[in-house]
Every structure is written in structure tokens, then in C-alpha cells.
Amino acid sequence: MDLARRPRSNGRGASDDPWAVPVLAPRRGGPADRFATRLHGRHPAAVFFAAVLTGFALLAALSIALGLLLTDVVLHGGGVARSDESVVKSIVEERTPFLTDTSEVGSTIGGAPLLPILVGLVAIACALARRWVIAGFAVFALVVESATYRVTSIAAPRERPEVPRLENLPADASYPSGHTAAAVAVYVGLVLLITSRFRSRGVRIAAWVLAIAIPVLVAMSRMYRGMHHPLDVAGGLVVGVGALLVLLFASRAANAAQAARRAPRPARFSRTATTRSAEPVA
């Protein structure tokens with residue numbers, strides 16, 4: 001699959017291959033290419049998982065550090081905690097039956113079971129087409145996000161807003177917003193792949209408007225329902241974007257490893273043949 005060709009005039013992506021996704025193509029000499037080179041000879045799947053695990057460890061460490069900084073330092077000084085809480089209280093005061101129903105929709109599109117089903121369908125379609133890297137990108141963007149959210153909420157627990165909450169979830173798992181992180185990882189990730197493939201300006205604008213609008217709706221819905229503070233939503237944004245960066249890196253590294261396996265190997269000459277060619281002809 002050639003991911004490096006330039007787009008054609010029909011507005012579609014980088015090649016005649018309908019599954020080509022240029023954004024997952026490694027840059028020669030770039031970080032992903034160098035990572036794959038260090039694991040020279042390894043199967044692309046092994047390179048992919050090595051990159052995912054490395055990226056997850058770094059993202060989790062960053063997320064936990066930010067969580068501890070927030071809960072142990074930032075919220076104990078000045079009026080940050082009061083401001084963070086007051087935003088949620090002002091949103092909750094505007095509750096109406098219509099907005100409550102809308103917030104339920106926003107929460108649904110940003111969580112289970114919808115997102116796992118959506119990701120599963122994308123992965124199945126890609127697997128049937130034998131596009132394993134794209135399938136891995138879709139699945140593990142959500143996996144890395146979910147795992148990072150879980151370890152962060154355990155390592156840096158924060159109480160949810162002191163307002164009437166519309167869901168019965170653990171009260172000390174406010175930071176970060178898992179729904180916001182998942183919405184970014186899945187919807188923005190899918191749009192990133194789509195807009196990489198399709199160069200039509202109208203398609204790109206519509207797709208990115210949707211990719212931005214959905215996480216915003218999810219974030220507002222979670223605060224409306226009393227489940228998160230604004231800073232929790234910001235933490236979820238960091239986790240979601242971080243998960244996408246991890247999977248972009250892992251996918252490019254896997255493609256670099258695959259390209260190295262397909263590259264023609266230099267011809268090998270036996271010592272006997274070399275010796276014979278060097279003998280004088282009588």
C-alpha cells in the first residue's frame with residue numbers, strides 16, 4: 001500500500017488504493033522510522049505493540065503528574081477550586097428537561113457501549129480488508145485512552161462537583177473526564193484518517209466541524225450532569241490527544257517496519273564463486 005503518493009484531482013486521497021491513509025505513512029528519518037530501525041528485523045506487529053506500550057507508559061506518567069499537580073497543588077491555592085466548582089454549579093442551575101435529555105445523548109455518544117461498538121465495527125471492516133495497521137489504530141486509540149484514564153483516576157483521585165449528579169458513578173473519579181478523552185480519541189482519530197484520505201475541502205471542513213463539535217457536546221454534557229469540573233475536561237482533552245499521538249507514532253513505526261521487510265535485499269555472493277571469478281583463465 002503506497003501511502004506517499006500525492007492526491008489526484010478527484011478529491012480523493014493519496015493513491016488509487018481506497019484504504020490508503022497518508023497520515024499513517026512514516027517520514028523517512030523521522031522518529032517512527034528511527035524507532036522501527038532500532039527494532040530492525042522485528043515483525044511489524046511487534047514494532048507496533050512496542051511503540052504502543054512505550055507511548056502508553058509516557059502518556060500515563062504525564063497524565064498522573066498533571067493530576068497530582070492539580071489535586072495536590074493547584075486546587076489548594078487561590079480561588080482555582082472555587083472557580084472550577086462555580087462553573088459547574090452555574091451550568092446545573094440551567095437544567096431543563098430538554099437539556100437533560102440532550103446531555104444524556106452527549107454522554108452516550110462519548111462512552112460505552114457506543115464507542116466500543118463503533119471502534120469494533122471499524123476494526124472488523126479493516127481486518128476483512130487486511131488493513132491491520134488501520135484496525136490497530138482505531139482499537140488501541142480507545143484502549144490507550146481508557147487505560148490512561150483509569151490509572152490516572154486511581155493515582156490522582158478527585159471528588160466530583162458538589163451538585164446533584166445525574167449518574168451514580170464513583171464520587172472520587174472526577175479527574176480526568178474519560179468521556180471527553182474517549183470522544184477525542186475516537187471521533188477526532190477517525191476524522192484524522194478520513195481527511196488524510198479525502199482532500200475535498202468541503203469534506204474536510206464538514207468532518208472537522210463534526211470532530212470538534214462532538215467532544216464539545218460530550219464535555220458540556222458531563223459537566224451539566226454534575227460529573228466533572230472544567231479542569232477535568234481539560235485533563236480528558238490531554239489524554240485523548242495524547243492517545244492519538246501514541247497511535248500515530250505506533251502506526252507509522254509499524255508501516256516503517258513493513259516497508260523495511262519489503263525492501264529488496266542486496267545480492268549475496270558465495271566465497272567459492274568469488275574465488276573462482278578471481279582465478280586466471282588459461
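## The nonpolar core

The largest nonpolar core has 37 residues, and the ones touching the most other members are V23, L24, F137, L193 and L247. Two or more residues of this core come from each of helix 1 (31–38), helix 2, helix 5 (114–128), helix 6 (132–155), helix 7, helix 8 (201–224) and helix 9 (230–262). Helix 9 is the biggest contributor, giving 10 residues. Keep in mind that this is a predicted model.

Leaving aside residues up to four places away in sequence, L247 touches F48, V52, G136, F137, F140, A141 and V144. There is also a second, separate core, made of 11 residues, with L142, A182, A183 and V186 among them.

## Salt bridges

How many salt bridges does the structure hold? There are 4. In one of them, the side chains of R158 and D232 meet, at 2.9 Å from N to O. R158 lies in the loop between helix 6 and helix 7 while D232 lies in helix 9, so this pair ties together parts that are 74 residues apart in sequence. Both R158 and D232 are buried. These two residues also belong to a network of salt bridges that includes D84.

The side chains of E167 and R222 meet in a salt bridge of 2.6 Å, N to O. This pair links distant parts of the chain, with E167 in the loop between helix 6 and helix 7 and R222 in helix 8, 55 residues apart. R222 counts as buried because its relative accessibility is 0%, and buried means under 20%. E167 also forms a salt bridge with R225, where the closest N and O atoms are 2.8 Å apart. Since R225 sits in the loop between helix 8 and helix 9, and E167 in the loop between helix 6 and helix 7, the pair ties together parts 58 residues apart in sequence. R225 is buried too, at 8% relative accessibility.

## A buried threonine

Is T195 buried or exposed? T195 counts as buried because its relative accessibility is 3%. T195 is found in helix 7 (residues 178–197). Its side chain makes a polar contact of 3.4 Å with the side chain of W208. Not counting residues up to four places away in sequence, T195 touches R204, A207 and W208.

## Out on the surface

Finally, a nonpolar patch on the surface is formed by L62, L66, L69, V73, V74, V80 and V238, with about 490 Å² of accessible area together. Helix 2 (residues 44–72) supplies the largest share, 3 residues. L62 lies in helix 2, and at 44% relative accessibility L62 counts as partly exposed.

Technical notes
Residues are numbered from 1 along each chain as its sequence is written. This is a predicted model: local features need pLDDT of at least 70, side-chain atom pairs count only at pLDDT 80 or more; totals for chains, interfaces and linings use all residues. Side-chain values use heavy atoms; hydrogens and water are left out. Helices (H or I, at least four residues) and strands (E, at least two) are DSSP runs, numbered from the N terminus. Buried means under 20% relative accessible area, exposed over 50%, partly exposed in between (1.4 Å probe, protein chains only). A polar contact is a pair of N or O atoms within 3.5 Å; within protein, one must be able to donate a hydrogen and the other to accept it, and residues adjacent in sequence count only if both atoms are side-chain atoms. Contact means heavy atoms within 4.5 Å. Patches are made of residues with over 30% relative accessible area and no salt bridge: like charges are joined within 9 Å, nonpolar side chains (Val, Leu, Ile, Met, Phe, Trp, Tyr) within 5 Å. Accessible areas come from the Shrake-Rupley method with a 1.4 Å probe; for residues, only the protein chains shown count as cover. A nonpolar core is a set of buried Ala, Val, Leu, Ile, Met, Phe, Trp, Tyr and Cys residues joined through side-chain atoms within 4.5 Å.
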